Amino acid sequence: MRTPAGFECKYFYGDYFRGRSVEECRLIQASGEKWSADLCKTCPVPAIGRANACEFLQMRAKVTRPFTAGFMRRVEVAAFCEKSNKSVKEPQVGCGECHPLPNIFEVK
Ligand code: SF4
């Protein structure tokens, strides 16, 4: 579903049927934190979803207030691969188990 910021996000739920105005982020809701629509503007999750559609990638989000963002609320994502049982440092790239990079990318 499309977020208030205009990006497709599988964790966003909006119900506007017959005048309703229910909006939720199921990812942030799962972590027990409070969601507000402004978080979608800078959230990295839609970009991760566009770059990596791996079915085994699981994400966990938390809301932080980093110094670099002027203590504004931001979504921070931790990713985990269910297949390789590894945490994924770069969720846009993945863990490398299913889609290894070709040898030409190896640094010798
Ligand atoms: S906060 Fe991030 S994960 Fe949640 S609905 Fe918005 S874009 Fe999606």
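**Notes on the ligand shell and the sheet**

1. The shell around the ligand has twelve nonpolar residues, one polar and no charged. Here Ala, Val, Leu, Ile, Met, Phe, Trp, Tyr, Cys and Pro count as nonpolar, Asp, Glu, Lys and Arg as charged, and the others, Gly among them, as polar. Bear in mind that this is a predicted model: local features need pLDDT of at least 70, side-chain atom pairs count only at pLDDT 80 or more, and totals for chains, interfaces and linings use all residues. Numbering starts from 1 along each chain as its sequence is written.

2. Who sits around the ligand? There are 13 residues, the closest being Cys 9, Phe 12, Cys 25, Cys 40 and Cys 43 (near means a C-beta atom, placed from the backbone, within 6 Å). Helix H1 (26-30) and helix H2 (45-51) each give at least two residues to that shell.

3. Overall, the protein has two helices and five strands, running β-β-α-α-β-β-β from the N terminus. These are DSSP runs numbered from the N terminus: helices are H or I with at least four residues, strands E with at least two.

4. Three of the strands make an open antiparallel sheet, ordered E3-E4-E5 (pairing takes at least two DSSP bridges between two strands). E3 (57-64) and E5 (86-88) are the edges; each has a single partner strand, so one side of each lacks a neighbour in the sheet.

5. E4 (residues 74-81) and E5 pair antiparallel over three bridges, and Cys 81 stands opposite Lys 86 in E5.
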